[in-house]
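Welcome, and thanks for taking a look at this one with me. Here are a few points to read alongside the structure.

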Amino acid sequence: MAKKRDSPKLIKIKDAINLIHQQVSLIGIVLEQREPKQCRTNDWICTLRIIDDTYPSPGFTVNVFSNTLEELPQIKNHDDMILFTRIKMQTFDSGKRVSAACNKRVSSFALFEGEDFVCYQCTSNFHEEEALYKSAMADLRKFFASRSEVVRALQSISYRTEPCSVETFSFLREIKIGKRFDLVVRILHADEDMSAVFVWDGTDAPPTSILAKRSEEDKAFSSLSVHTLLSRDILLSFPTVGTILRVSLSSHLFRRVKPGDWVKLYQLLCEVDKGSWVIKVTNSTVVRLLAQDDRLVEKIMRIYDKRLSSKLGHIPFWCFPSPPGLTETDENCAPFVTLMDIITFPKVTCKYRCIVRVVTAYPWQVDDFCSNENRLRVLLTLEDPTATLEAFLCDKDAEYFWGLGFQDTETLRKKRNWLLGIRESSNFVAPRNPPWIECCILSYYTNKADPWKTRLYRIFGTRLLN
């Protein structure tokens, strides 16, 4: 009969770092997990940072190797516990620093969550008696009495490759094209394949210039607004104030986050595509989970709550406290709402007042605004920091808006150019920066049997003063 292998004796991290080239077993709380990467040998590597009561800061690094991405640790929560057996201690950085290697051929691991330390993942070669280690896990949990203490340990050191004495985070309202930045945001939604997440921090991303060639301006504006990518049912759970941006990413980078989580995102890059912000991850991007009571999260929510409590809270930050008086409306007493307010409003039909930019018109040529039935009709794409919305402007509402009949096409062309931010100059490619205007919008339906699917919008009671 084969002799049963003795369960490995646990040691503390403080003692383990002195046992270079030896195999050790230890338990730690997971603070952070770096993005998994594929090695030259086609194996996968994932770097964890763990702590225990003898080594609460800056945390101990363990490199986990596996044949497949799925066999790497799939961390659920930022304070879960991990048990490593027979990991090998080693040095790097010319012997100045110590880490450990967890290789499946020799080592094993198991992940535990909750107060009862339920094991939710372990390697196939993990054969230890879990009950033997629950006492040690309970002692470790007592030392870190609350999740916030773990998070404070997490915040005690930067985890980027380059040292940084002070972490500096941007709001979404501060992002700029081509510059790398760090964010603290809430995950509102994630695609099923984790190819993208939608993030929010309660602030308004800056308006962008729209760059388009003349040959492209006859086509409909290609919006990357969040509401065009998600169903209304999902949007109903979103805040209606503040920009929601889509972050494109590799499927494994955000696999341990879920909607509702607050995260720190390091080393992001912003681009603009046809007037819409696009956030991209870089090779240096790092994701770090935060607790709800983290000081940065509390600061963001204080700013957001203060904004909502204000009568002007739904006005875009970039035209605060009001647009420059370029239009007047017939609904002066109605409160301002955002376009996301309109999209998610519980009733199909309603009247609204909002502040927007007009980013495109269809048809593009003013000669085509008038139909064969002598109806003045144009479809405008409206934009604010929360969404884009297509709204019709036609008949008497259009004549009232433009302040003239449809026969004066030259004046109409000048007004259209001013509204869309088109310079009265040349045929060169030129950026457009439409002005902010106040307008009234009516939502309605065209089929009583299916009102939500046939819901449309039109502008009414609004007049240009230019």
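1. A word on terms to begin with: a residue is called buried under 20% relative accessible area, exposed over 50%, and partly exposed in between (1.4 Å probe, protein chains only). By that rule R353, at 9% relative accessibility, is buried.

2. Please keep in mind that this is a predicted model, where local features need pLDDT of at least 70, side-chain atom pairs count only at pLDDT 80 or more, and totals for chains, interfaces and linings use all residues. Residues are numbered from 1 along each chain as its sequence is written, and side-chain values use heavy atoms, with hydrogens and water left out.

3. How confident is the predictor? The protein chain has an average pLDDT (the predictor's confidence in each residue, from 0 to 100) of 81, and 84% of the residues reach at least 70. Residues 147–166 fall below 50, and this stretch has 45 contacts (heavy atoms within 4.5 Å) beyond near neighbours in sequence. Residues 218–224 are also below 50, with 15 such contacts. Where pLDDT is low, the predicted coordinates should not be read in detail.

4. Back to R353, which sits in strand β16 (residues 350–362); helices (H or I, at least four residues) and strands (E, at least two) are DSSP runs, numbered from the N terminus. Which side chain does the side chain of R353 meet in a polar contact? That of E438, at 2.8 Å. (A polar contact is a pair of N or O atoms within 3.5 Å; within protein, one must be able to donate a hydrogen and the other to accept it, and residues adjacent in sequence count only if both atoms are side-chain atoms.) Leaving aside neighbours within four places in sequence, R353 also has contacts that include T329, F336 and C439.

5. The whole structure holds eleven salt bridges, each a side-chain nitrogen of Lys or Arg within 4 Å of a carboxyl oxygen of Asp or Glu. One of them joins D191 and R246 (3.9 Å, N to O). D191 is in the loop between β9 (180–190) and β10 (196–200) and R246 is in strand β12 (residues 244–248), so the pair ties together parts 55 residues apart in sequence. D191 is buried at 19%, while R246 is partly exposed at 32%.

6. Another salt bridge pairs D204 with R307, with the closest N and O atoms 2.7 Å apart. D204 lies in the loop between β10 and β11 (210–212), and R307 in helix α5 (residues 295–309), 103 residues apart. D204 is buried at 2%, and R307 is buried at 17%.
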